[in-house]
Structures are given as structure tokens and as C-alpha cells.
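Reader: Hi! Could you walk me through this one?
Author: Happy to, here it is.

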Amino acid sequence: SDQQIVCTGCGVKIQTEEPEQLGYAPSSSLEKEVVVCQRCFRLKHYNEVQDVSLTDDDFLKILNGIGQKDALIVKIVDIFDFNGSWLPGIQRFAGKNPVVLIGNKADIVPKSVNQNKLIEWMKKESKELGLVPKDVFLVSAAKGKNISEAAAAIDEYRNGKDVYVVGCTNVGKSTFINRIIKEVTGEEDVITTSHFPGTTLDTIQIPLDDGKSLIDTPGIINHHQMAHFVDKRDLKFITPKKEIKPKVYQLNEEQTLFFGGLARFDYLSGGRRSFTCYLSNELNIHRTKLEKADELYKNHVGELLTPPREEQVNEFPELVRYEFSIKEPKTDIVFSGLGWMTVNEAGAKIAAHVPKGVQVMLRKSLI
Ligand code: GDP
């Protein structure tokens with residue numbers, strides 16, 4: 001029949017085809033009297049939220065809805081991909097609501113990086129993007145680092161109100177919320193999902209002790225993120241799992257470095273000097289002469305220069321070249337979603353090549 005089954009937990013339409021999309025339930029579960037989607041099932045039985053993603057339009061609707069609430073907004077970004085994981089328009093949608101910014105994945109940042117500088121940079125960058133957060137935290141959801149501090153601050157800033165947690169896919173939003181749940185509930189199975197009339201269907205509510213809720217919103221897919229240009233199996237080349245080990249390259253003028261086949265760095269002029277690369281330890285860095293670089297890429301992307309995989313080369317976006325003069329000592333060249341390079345002394349001319357849509361920028365070094 002064409003009768004639409006809905007989840008008794010959150011009210012979303014049930015579908016049985018796509019496990020990673022909203023409303024998924026295995027078809028075998030449809031025979032049960034009470035049907036719940038996989039997301040509600042996991043929350044109910046394992047105290048765990050699961051990430052679902054939404055299309056841009058649906059997401060905008062949710063953001064719009066949050067703006068009209070009186071709540072605290074907790075926005076999570078991936079510090080390894082700060083700009084790529086930013087939610088454009090968040091400042092408009094937050095309206096008068098305060099925002100706490102959480103930079104996740106602190107565990108992969110090398111110890112040599114000054115965490116206070118990183119927080120200062122996040123504040124400055126947010127301001128430039130139009131958002132002035134109430135507070136900024138650097139955490140590792142995976143390792144549990146700074147989670148209790150962040151949780152305590154959230155509880156204070158929410159001031160008896162609901163909390164909406166927002167972030168694009170892959171920033172670690174689910175991991176973060178699951179940490180918070182553990183922190184709040186211990187091992188107790190206290191979470192129940194229920195459909196609150198008038199709330200958006202695709203959000204999930206985690207009850208707090210004062211009758212208010214922590215609300216998990218679906219992650220939006222930021223299509224221009226490097227992570228979407230590589231095969232799932234190759235994510236380790238771009239999203240490090242372990243602390244990054246910096247790699248130093250002594251380069252002469254007119255030498256090129258390829259970062260797999262994902263990006264390219266040309267050292268144009270400024271005398272022999274060193275560059276420190278902060279990239280996934282797994283990513284293969286290939287050095288060549290500038291004059292040979294175009295040819296090498298054309299002939300060897302997908303093979304010597306990988307990722308992308310050979311079968312993906314055709315869909316992989318073209319590399320776009322950006323030229324910079326390094327005018328300040330201790331400057332980072334940031335390849336959004338891939339990492340960064342530090343240049344110690346001013347006076348270098350360089351070019352960075354990244355897939356179309358991916359951002360490159362300069363910042364004051366975090367070291
Ligand atoms: P969501 O899509 O925002 O809900 O993100 P997930 O919680 O599913 O996490 C996305 C990916 O990032 C997974 O591979 C996680 O293992 C990883 N991840 C999450 N938190 C951290 C963290 O604190 N450090 C590191 N290194 N990886 C993390």
C-alpha cells in the first residue's frame with residue numbers, strides 16, 4: 001500500500017533503502033507493531049546518536065527554525081578543516097541566540113602547536129565570518145579531552161534553556177554528543193525519544209535534568225570539502241586519526257610538492273629554505289621540479305599521485321592555482337581539509353593548487 005509509515009520515536013517517514021539517510025529502518029522491522037527508525041533505535045537502546053545528513057534546503061529549514069527558538073546553540077567545527085566545516089549563514093540563523101563554538105579533533109594537532117593560539121585564531125576567524133561566539137573550546141570528542149569543561153560551560157551558558165547542537169557532517173558531532181550523554185547519564189538507560197509536536201521532525205531530543213533538551217540536528221553536507229572528493233576508503237589520507245608528525249622539506253626555488261594527487265605546492269622564489277608540512281602522516285608527498293609538475297600530474301594522477309584513485313580521476317575536480325607572496329615571518333599556508341605548511345621567514349613567493357571549490361588561505365603560524 002502507499003500508506004506512509006512513520007517512526008514512533010521522531011515522526012520521520014520510514015524508508016528501507018538507504019541506511020545512511022534519514023528515516024532508515026531495515027525492512028524486517030516493518031512487521032513489528034511499533035516501528036522506529038534506526039537513529040531512534042540506537043538512541044533508545046544504546047544511548048547513542050547516529051549521524052544523518054540532509055540536503056541543503058532541509059538544513060536551511062532547520063536552521064531557520066532554531067533562530068526562532070530561545071536557546072543556546074553549540075556549533076561544532078573540525079579544527080583540521082575549520083573553514084571547510086563552517087556552516088555558512090550560521091550567524092544569521094542564530095539570531096539573538098548565543099553560540100558556543102567547539103573545535104573538535106584537538107588530538108591530531110601536534111604538541112608543538114600552541115592551543116591558545118589555535119583558540120585565538122578560531123575567535124578571529126569566526127569574527128571575520130560574522131560570528132562572535134560566547135566562548136570557544138578545543139576538545140577531542142574521540143579521546144574525551146576537555147569534554148567535561150565544555151559540558152560545564154554549555155550547562156552554564158544555556159541558562160535553563162534548550163541546547164541545539166549543529167555542525168556539518170564529519171566534524172564529530174555524534175561522537176561529541178555521545179560523550180556528553182555518557183557524562184550526563186553514566187551507564188543508565190535514561191534516554192527516551194519522543195515526538196514533540198511543533199518541533200522539526202529530523203532533530204533528536206536528549207532530555208536534560210531540568211526538563212529541557214539537548215537537541216541533535218542532522219549534519220549538512222558541505223560539498224566543497226576535500227573529504228567529499230576522495231573515496232571513503234581513502235579518508236585516512238586526509239583526515240588524520242593520530243597526532244600529526246610535522247615533515248620538513250628543504251626546497252630550492254622552482255621545486256614542487258604534490259600531496260598525493262589532491263593538492264600541489266610550488267615554491268617559486270625566495271632562495272633555498274625549509275617548509276614544514278602538517279598533513280596526515282599517511283599522505284604521500286612527492287617532490288619534483290616545477291617545470292615537470294604539470295606533465296607529471298597529467299600522466300600520473302590516480303597512480304603515483306593518489307588519492308584520487310585511478311577510476312575517480314575523471315570526476316575529480318581540476319586543480320586551481322592561487323599565488324601568494326609571504327610577507328610576514330611564521331606564516332601558515334592552509335589547504336582547507338588537508339592541513340597546512342609553515343613558512344618561517346618572509347619573502348617567499350609560492351603557488352598553491354587545490355581542487356576547485358576548496359579554499360587556500362594564509363594565517364599567522366600557530367607554532
Ligand atoms: P558527525 O558526522 O559530525 O556526526 O561525525 P562523527 O561523530 O560520525 O565523526 C566523524 C569522523 O571523525 C569519524 O571517523 C570519527 O571517528 C572522527 N572523529 C570524531 N571525533 C574525533 C576526535 O575528537 N578526534 C579524531 N581524531 N577523530 C574524531
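Predicted model: local features only at pLDDT ≥ 70, side-chain atom pairs only at ≥ 80, totals over all residues.

Reader: Thanks! And which residues of α4 are buried?
Author: Trp-121, Met-122 and Ser-126 are. Buried means that 20 or more other C-beta atoms, placed from the backbone, lie within 10 Å of a residue's own; exposed means 12 or fewer, and partly exposed is in between.

Reader: Where do those three sit around the helix axis?
Author: On the same side of α4, because they cover an arc of only 130 degrees around the axis (the arc of the directions from the helix axis to the C-beta atoms). On the other side, Asn-116, Lys-124, Lys-127 and Glu-128 are exposed.

Reader: What do the buried ones pack against?
Author: Three strands: β3 (99-104), β4 (135-138) and β18 (360-364).

Reader: Switching topic, how many helices and strands are in the protein?
Author: The protein has 7 helices and 18 strands, which are DSSP runs numbered from the N terminus (helices H or I, at least four residues; strands E, at least two).

Reader: How much of the protein is buried?
Author: Of its 367 residues, 43% count as buried.

Reader: And what does the C-alpha trace span?
Author: About 70 × 45 × 35 Å along the principal axes of the protein.

Definitions and conventions
Residues numbered from 1 in each chain as written. Contact = placed C-beta atoms within 7 Å.
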